[in-house]
Amino acid sequence: MMLTYFFAFFALTVAFPINDRLEEDLVLPQIPEEANSRFAMLEDVRLLANGLLQLGHSLKEFAHKTKGQINDIFQKLSFFNKSFYQLSAVASEIREEKETLRKTTDVLKANNEEVLSLSHKMSSRMSGLLQDRSQLQRKDVIDAQEKSIIDLLKAMKEQHEQLNHQKIKLKILEEKLDEDNVQETSKRSVSFNTETLGVMEYLLNNSTSANFDTNDLAKDCQEVFRRGVRVSGVYPIKPNESLPFNVYCEMAAEGGSTVIQRRNDGSVDFDQTWEKYENGFGDFNRDFWLGLQKILAITRQGDYILRIELDDWKLGRRFADYQFTLGGPTSHYTLHLEHMAGDLPDAMNNNTNMGFSTKDQDHDNNGDGNCAQNYSGGWWFNACGNSNLNGKYTHGRQRGRSERRKGIYWKPSAKGSFSPRSTKMSLRPASSVRGPH
């Protein structure tokens, strides 16, 4: 539209040129109406031409700016195209690497499956080899055991003959010695002979051949359990660096416990001498004390947990677990324990670090006399302490304080005490204890 006005203005300028004469005519006093109208139109055209000229300048500036912006856009498009090309190249490389990685993963997966297959085959072959080796070793062990058992039977037969010879000598000495001393000596001889014959009888009844070795005996009841025994009863064991001896093993679902003391019915008198408490006494099927020497032999093998179980006449059955170690004979079998768990309140806190005392050997801290004499039974007395599970057995709870102190006694606090109708003390390796046993 602006171009149309511009061309119209140009045509009018050519058709009606403006010169000096025209200017002279303009100052004439008398101008015809047609000339005035013509001059008015020229003035409008001139104004229009000026407007169009300004518009042209504006359009030129606009076109210049637009051209600069277009150049910027083209530069940005060029940069974008270059970046896009680079991104495309990177994406192509990533796709290639992804494909290579996938192929590598497939190869590794195949290799892994092959390795697993080889591992299973090797494991199967190794199991077969171990079984074959175990069978071969078992055969060698059995042969060695047979030889050792034959030697042991010979030695035990000789020992039995020597014991019989000693018994004959004892009968001769009975006429010269005091009757009580002779009877006590005879009892000790018969007791030792009975236990030795009991171990021999067990080995003979449970051996698969004529030869056996006492070194193959279990070291405690937990090992008896691991060898497949699940029935509670009397079994021979051989702790490290000890002669074999019988113990009562109490079997449960989680393992075997070696019972070292039991009071059920008062059938055995526990007011015994130091020698008796060292060697043990009683009946495994009723009431008994295993013996300090045997307890020491067991606990020297490692860390053990002592469980004390009481069945009170009124309060029912309770238990307490202790970390437990025992000193040797030179320390009078000093007790070391620390309370661990259980629903039985602790009454042994002042017994730790105390030696064992009996009526004929006083190792307590009581300055007024021997606790074992004043009360009853052998125990790790302090002054005389708050517990004694080897006291006199009583039927029912005694009313008098002095009578209760002479009996089986457990007093965890000043507020009350237990009067058990049955007690049991047992040992298990600390490594096998994961909860109550």
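**A residue in strand β3**

Tutor: Thr 258 has its place in strand β3. The model is a predicted one.

Student: Is Thr 258 buried or exposed?

Tutor: The relative accessible area of Thr 258 is 1%. The cut-off for a buried residue is under 20%. Thr 258 is therefore classed as buried.

Student: Which backbone nitrogen does the side chain of Thr 258 reach?

Tutor: Residues that Thr 258 touches include Asp 220, Val 247, Tyr 248 and Ile 298, leaving aside those up to four places away in sequence. Met 425, Ser 426 and Leu 427 are also among them. At 3.2 Å from the side chain of Thr 258 lies the backbone nitrogen of Cys 221.

Student: Ile 298 belongs to α7. How many of the 8 residues of helix α7 are buried?

Tutor: Helix α7 covers residues 292-299. Among its buried residues are Leu 292, Lys 294, Ile 295 and Leu 296, and Ala 297, Ile 298 and Thr 299 are buried too.

**A lysine in a loop**

Student: Lys 238 lies in the loop between β1 (233-237) and β2 (245-252). Is Lys 238 buried or exposed?

Tutor: Lys 238 touches Thr 214, Asn 215, Leu 217, Ala 218, Lys 219, Leu 243 and Pro 244, not counting residues up to four places away in sequence. Its relative accessible area is 17%. Since the limit for this class is under 20%, Lys 238 counts as buried.

Student: How many bridges join β6 to β7?

Tutor: A hairpin of 3 residues connects β6 to β7. The two strands run antiparallel, and Arg 307 stands opposite Asp 321 in β7. The number of bridges joining β6 to β7 is 9.

Student: How far apart are the closest N and O atoms of Asp 321 and Arg 307?

Tutor: Asp 321 is in strand β7 (residues 316-326) and Arg 307 in strand β6 (residues 304-312), so their pairing ties together parts 14 residues apart in sequence. Both residues are buried. They form a salt bridge, with the closest N and O atoms 2.8 Å apart.

Student: Which residue in β8 does Phe 324 stand opposite?

Tutor: Strand β7 also runs antiparallel to strand β8 (residues 335-341), and 6 bridges join them. Opposite Phe 324 stands Leu 337.

Student: Arg 317 and Asp 311 also meet in a salt bridge. Which of these is buried?

Tutor: Their side chains meet at 3.7 Å, N to O. Arg 317 is exposed, as its relative accessible area is 52%. At a relative accessible area of 11%, the buried residue is Asp 311.

Student: Arg 317 and Asp 311 are linked with other residues in a network of salt bridges. Which residues are these?

Tutor: The structure holds 10 salt bridges. The network links Arg 317 and Asp 311 with Glu 250, Glu 309, Arg 421 and Lys 424.

Student: How far apart are the closest N and O atoms of Arg 286 and Asp 265?

Tutor: Arg 286 is partly exposed, with a relative accessible area of 42%, and Asp 265 is partly exposed at 28%. Their closest N and O atoms are 3.0 Å apart, in a salt bridge.

Student: How many residues apart are Arg 286 and Asp 265?

Tutor: Arg 286 is in the loop between β4 (281-282) and β5 (288-289). Asp 265 is in the loop between β3 (255-263) and α6 (274-279). The pair links distant parts of the chain, 21 residues apart.

**An open sheet and a surface patch**

Student: What is the strand order of the open sheet of 3 strands?

Tutor: The edge strands, each pairing on one side only, are β9 (387-388) and β11 (416-418). Strand β10 (residues 409-413) pairs with β11 in the antiparallel sense over 2 bridges. The order is β9-β10-β11.

Student: What is the accessible area of the nonpolar patch that includes Ile 73?

Tutor: Ile 73 lies in helix α3 (residues 33-174). With Ile 70, Phe 74 and Leu 77, Ile 73 forms a nonpolar patch on the surface. Together their accessible area is about 380 Å².

How values were computed:
Residues numbered from 1 in each chain as written. Predicted model: local features only at pLDDT ≥ 70, side-chain atom pairs only at ≥ 80, totals over all residues. Heavy atoms only, no water. Salt bridge = Lys/Arg side-chain N within 4 Å of Asp/Glu carboxyl O. Helix = DSSP H or I, 4+ residues; strand = E, 2+ residues; numbered from the N terminus. Buried < 20%, exposed > 50% of the residue type's maximum accessible area, 1.4 Å probe, protein only. Contact = heavy atoms within 4.5 Å. Patch = residues over 30% accessible without salt bridge, like charges linked within 9 Å, V, L, I, M, F, W, Y side chains within 5 Å. Areas by Shrake-Rupley, 256 points an atom, 1.4 Å probe, with all protein chains shown as cover. Pairing = 2+ DSSP bridges. Polar contact = N/O pair within 3.5 Å; in protein donor to acceptor, adjacent residues only side chain to side chain.
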